[in-house]
Amino acid sequence: MQHKAVKGNPQFAFTDEGVTYYFSSASSKEIFQKEPKKYEPQYGGWCAYAMGASGEKVEVDPETFTISNGKLYLFYHTWVNNTLNKWNKDEMNLKANADKNWKNIYH
């Protein structure tokens, strides 16, 4: 694990449920292929903070993320607004809200 975002290579692409993921190595792709649900981004890859704060699907900066309890959460980030910082201040409540909001959207 590199603990930073690494651009994937189309040579190591894998599609799961209509979403194509690009990996930086064949070994990373193989690990993901075995258990995609374990490694895929939470909330469909939308901003975790926005999902928790308002239930909105907001695009993310793939380099702004956290891994919590083995799950990947992505965040919106511009030079004036880093929603990861907001998430870190109230993760427990935002995550609970995001889980509820995502369930309402996805199911």
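The residues lining the largest pocket divide into 21 nonpolar, 11 polar and 11 charged. Here Ala, Val, Leu, Ile, Met, Phe, Trp, Tyr, Cys and Pro count as nonpolar, Asp, Glu, Lys and Arg as charged, and the others, Gly among them, as polar. The model is predicted: local features need pLDDT of at least 70, side-chain atom pairs count only at pLDDT 80 or more, and totals for chains, interfaces and linings use all residues. Residues are numbered from 1 along each chain as its sequence is written, and side-chain values use heavy atoms, with hydrogens and water left out.

The largest pocket has 43 lining residues. Phe23, Phe32, Tyr39, Pro41 and Leu72 lie nearest its centre. A pocket is an open set of points on a 1 Å grid over the protein atoms alone, where a 1.4 Å probe fits, with protein on both sides within 12 Å along at least five of seven lines; lining residues have an atom within 4 Å of a point. Two or more lining residues come from each of β2, α1 (26–34), α2 (36–39), β3 (61–68), β4 and α5. Strand β2 gives the largest share, 5 residues. Helices (H or I, at least four residues) and strands (E, at least two) are DSSP runs, numbered from the N terminus.

Strand β2 (residues 19–23) runs antiparallel to β1 (residues 9–16), and 5 bridges join them. Strands pair if DSSP finds at least two bridges between them. Ala13 has Tyr22 in β2 as its bridge partner. The two strands form a hairpin with 2 residues between them. In the turn, Glu17 has a positive phi of about 50°.

The largest nonpolar core holds 12 residues, including Cys47, Phe75, Leu84 and Trp87. At least two of its residues come from each of α3 (48–53), β4 (71–75), α4 (83–89) and α5 (91–106). A second, separate core of 5 residues includes Phe14, Tyr21, Phe23 and Phe32. Such a core is a set of buried Ala, Val, Leu, Ile, Met, Phe, Trp, Tyr and Cys residues joined through side-chain atoms within 4.5 Å.

Cys47 lies in the loop between α2 and α3. Its relative accessible area is 1%, so Cys47 is buried; buried means under 20%, exposed over 50%, partly exposed in between (1.4 Å probe, protein chains only). Cys47 and Phe75 are 28 residues apart in sequence, yet 4.4 Å apart in space, C-alpha to C-alpha. Thr83, in helix α4, is also buried, at 4%. Leaving aside residues up to four places away in sequence, Thr83 touches Cys47, Tyr49, Phe75 and Tyr76. Contact means heavy atoms within 4.5 Å.
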